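Please work through the following exercises with the sequence and the structure open side by side, and try each task before reading its solution.

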Amino acid sequence: MISELLKTVVLSNMLALAIGFALDLIFGDPHWMPHPIRLIGNLISIGEQKVRSIFPRTKKGEWLGGFVLAICIMVVSAMAPYMILWFAGTVHIILKIGIEAVMCYQILSVKSLKTESMKVYRELIREDLTGARSMVSMIVGRDVQHLDQEQITRAAVETVAENTSDGTVAPLLFMALGGAPLGFLYKAVNTMDSMIGYKNDQYLYFGRFAAKLDDAVNFIPARIAACLMILAAGLLKMDYKNAWRIFLRDRFNHASPNSAQTESVCAGALGVELAGDAYYFGTLYPKKTIGDPTRPIDYADIPRANRLLYGTAWLTFALCIIGMGVAVWILY
């Protein structure tokens with residue numbers, strides 16, 4: 001009885017994930033469409049105000065407040081879709097699969113990442129640096145007002161490389177393990193890190209738990225993403241040997257234990273140098289470089305990075321479907 005129930009759950013999750021993946025590749029993230037991740041972001045902002053009004057403005061108080069906020073956001077982000085899907089399942093399994101497919105679609109960001117980065121590419125082709133800075137500011141957190149063409153290109157490529165893990169591989173893996181509810185829990189952690197995980201005066205203690213939690217949940221997915229990206233580089237006839245070499249050498253050249261995993265592979269596959277010093281909120285932060293400057297980075301590297309993104313996405317999707325298929329076979 002339990003095995004039959006588990007088999008049904010895995011099969012419905014597999015079908016929902018497949019449909020959601022297809023929807024993301026076709027439609028991306030239209031700006032007019034209400035998005036649950038934006039709702040999570042609003043909950044974080046409102047929750048931060050409430051929590052800060054309760055806990056004292058001491059180091060311990062701010063850490064505890066950030067901890068409470070993170071737990072509350074994770075519980076709400078996972079339980080809300082779980083209850084919606086549970087209710088839909090009591091009506092009909094097809095309704096549940098349909099709703100979960102839409103949820104899976106909204107959790108993924110393969111096409112939207114490509115779309116937004118290619119906006120930067122098109123502005124660079126037109127030699128409109130002002131427009132390119134405006135477009136790249138939409139996808140990076142660093143200061144962009146003084147970036148030149150190479151720096152703009154580097155920022156866009158780094159974003160594609162890093163978010164291949166955060167926006168594609170990790171969500172697919174979490175949804176394969178626990179459906180849309182686990183996928184939304186992951187995105188909640190990821191969103192909290194992007195909003196409050198800064199090492200500045202405002203969030204050094206308040207956002208510490210969220211930042212460490214994001215490091216933890218991305219630890220394994222980032223390394224799986226790097227390995228799959230190396231395989232994708234080989235299949236796409238890029239320099240997979242150099243990708244492997246740079247990965248082994250530079251995968252820890254970042255303040256985050258995870259971000260340089262895929263960035264190093266991308267730098268090696270493209271034969272360019274990424275990362276380096278950058279300005280955030282008017283302050284210059286020294287950073288190690290990733291990769292070798294065997295040639296100047298060029299705006300054509302943005303679509304090349306997107307080819308790696310798509311190749312890695314398809315390999316991850318195949319891995320997830322195969323894994324879920326094996327689980328169903330075992331349950332028979």
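**Exercise 1.** What volume does the largest cavity have? Then identify the residues that line the largest cavity, and the elements that contribute to it.

*Solution.* The model is a predicted one, and the largest cavity in it has a volume of about 30 Å³. With a cut-off of 30 Å³ or more, the count comes to one cavity. Its lining is made up of Val 51, Arg 52, Phe 55, Pro 56, Arg 57, Gly 61, Glu 62, Gly 65 and Phe 206. Two or more of these residues are given by each of helix H2 (36-54) and helix H3 (59-91), and H3 provides the largest share, three residues.

**Exercise 2.** Compare the span of helix H7 (residues 149-196) with that of a straight helix of 48 residues, and locate the bend in H7.

*Solution.* Then follow the helix to Gly 179, where H7 bends by about 135 degrees, with Pro 181 following within four residues.

**Exercise 3.** Is H7 mostly covered or mostly exposed, and which side-chain contact is found at its start?

*Solution.* Taking buried as under 20% relative accessible area, H7 is mostly covered, with 36 of its 48 residues buried. At the start of H7, a side-chain oxygen of Asp 148 comes to within 3.2 Å of the backbone nitrogen of Glu 150.

Technical notes:
Residues are numbered from 1 along each chain as its sequence is written. This is a predicted model: local features need pLDDT of at least 70, side-chain atom pairs count only at pLDDT 80 or more; totals for chains, interfaces and linings use all residues. Side-chain values use heavy atoms; hydrogens and water are left out. The expected span of a helix is 1.5 Å times one less than its number of residues. The bend at a residue is the angle between axes fitted to the seven residues ending there and the seven starting there. Buried means under 20% relative accessible area, exposed over 50%, partly exposed in between (1.4 Å probe, protein chains only). A polar contact is a pair of N or O atoms within 3.5 Å; within protein, one must be able to donate a hydrogen and the other to accept it, and residues adjacent in sequence count only if both atoms are side-chain atoms. On a 1 Å grid over the protein atoms alone, a cavity is a set of points where a 1.4 Å probe fits but cannot get out, and a pocket is an open set with protein on both sides within 12 Å along at least five of seven lines; lining residues have an atom within 4 Å of a point. Grid points are joined across faces, edges and corners, and a volume is the space filled by probe spheres set on the points.
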